[in-house]
Amino acid sequence: MTIVKLERLKSLNEEELSMLLYMLNTIAPRLLPYEVTKNVIPYIKNRYLEFLIKSFESHVTEDGKHIFSCLKEKLQIQ
């Protein structure tokens, strides 16, 4: 399994990164017993991140849909 490519993470703007961190820290079961920071994200496996983002899609509000779609596009998640 591959991990998230660093250049993909660097392409995220502040809103997209904030949304990703929110997802990682609020969806149950949590990945880690402590708060995930942007420094930890590069070590998360793509398969888990893709699963997490797809699971969160139904919770995205109308206001967050644009940010969410940009996040998925930049991380290359279908």
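**Figure 1. Asparagine 25 lies in helix α2.** The view is taken from a predicted model. With a relative accessibility of 15%, asparagine 25 counts as buried, because buried means under 20%. Its side chain reaches the backbone nitrogen of valine 36 at a distance of 2.6 Å. The two residues, asparagine 25 and valine 36, are eleven residues apart in sequence, and their C-alpha atoms are 6.2 Å apart in space. Leaving out residues up to four places away in sequence, asparagine 25 touches Arg30, Tyr34, Glu35 and Val36.

**Figure 2. Helix α2 covers residues 14–26.** The helix has 13 residues, and the distance from its first C-alpha to its last is 18 Å, close to the 18 Å expected at 1.5 Å a residue. The buried residues of α2 are Glu16, Met19, Leu20, Leu21, Met23, Leu24 and Asn25. An α-helix has 3.6 residues a turn, so residues three or four places apart point the same way.

**Figure 3. Helices α2 and α3 cross at roughly 95 degrees.** Their axes come within 10 Å. The two helices are therefore roughly perpendicular to each other. On the α2 side, the contact is made by Leu20, Tyr22, Met23, Leu24 and Thr26. On the α3 side, Tyr48, Leu49, Leu52, Ile53 and Phe56 take part.

**Figure 4. Helices α2 and α4 pack at an angle of about 90 degrees.** The axes of this pair are 9 Å apart. As a result of the angle, α2 and α4 are also classed as roughly perpendicular to each other. Glu15, Glu16, Met19, Leu20 and Met23 of α2 make the contact with Ile67, Phe68, Cys70, Leu71 and Lys74 of α4. Lysine 65 is also in helix α4. With a relative accessible area of 43%, lysine 65 is partly exposed. Between lysine 65 and tyrosine 22 there are 15 Å in space, C-alpha to C-alpha, and the pair is 43 residues apart in sequence.

**Figure 5. The largest nonpolar core of the model has 23 residues.** Which residues have the most contacts inside the core? They are Leu20, Met23, Leu24, Leu49, Ile53 and Leu75. Two or more core residues come from each of α2, α3 and α4. Helix α2 gives the most, with five residues. In soluble globular proteins, nonpolar side chains tend to be buried together. Leucine 49, one of the residues with the most contacts in the core, is in contact with Val4, Leu20, Leu24, Ile44, Leu75 and Ile77, when neighbours within four places in sequence are left aside.

**Figure 6. Lysine 72 is placed in helix α4.** Is lysine 72 buried or exposed? At 14% relative accessibility, lysine 72 counts as buried. The side chains of lysine 72 and glutamate 57 are joined by a polar contact of 3.4 Å. Beyond residues up to four places away in sequence, lysine 72 touches Ile53, Glu57, Ile77 and Gln78.

**Figure 7. Glutamine 76 has a positive phi, near 60 degrees.** Glutamine 76 is found in the segment after α4. Most residues other than glycine have a negative phi. The relative accessible area of glutamine 76 is 51%, and the residue is classed as exposed because the cut-off for that class is over 50%.

Methods:
Residues are numbered from 1 along each chain as its sequence is written. This is a predicted model: local features need pLDDT of at least 70, side-chain atom pairs count only at pLDDT 80 or more; totals for chains, interfaces and linings use all residues. Side-chain values use heavy atoms; hydrogens and water are left out. Helices (H or I, at least four residues) and strands (E, at least two) are DSSP runs, numbered from the N terminus. The expected span of a helix is 1.5 Å times one less than its number of residues. Buried means under 20% relative accessible area, exposed over 50%, partly exposed in between (1.4 Å probe, protein chains only). A nonpolar core is a set of buried Ala, Val, Leu, Ile, Met, Phe, Trp, Tyr and Cys residues joined through side-chain atoms within 4.5 Å. Contact means heavy atoms within 4.5 Å. A polar contact is a pair of N or O atoms within 3.5 Å; within protein, one must be able to donate a hydrogen and the other to accept it, and residues adjacent in sequence count only if both atoms are side-chain atoms. Axes are lines fitted to C-alpha atoms, for helices over the stretch in contact, and angles run from 0 to 180 degrees between N-to-C directions. Angles under 35 degrees count as roughly parallel, over 145 as roughly antiparallel, 65 to 115 as roughly perpendicular and the rest as oblique.
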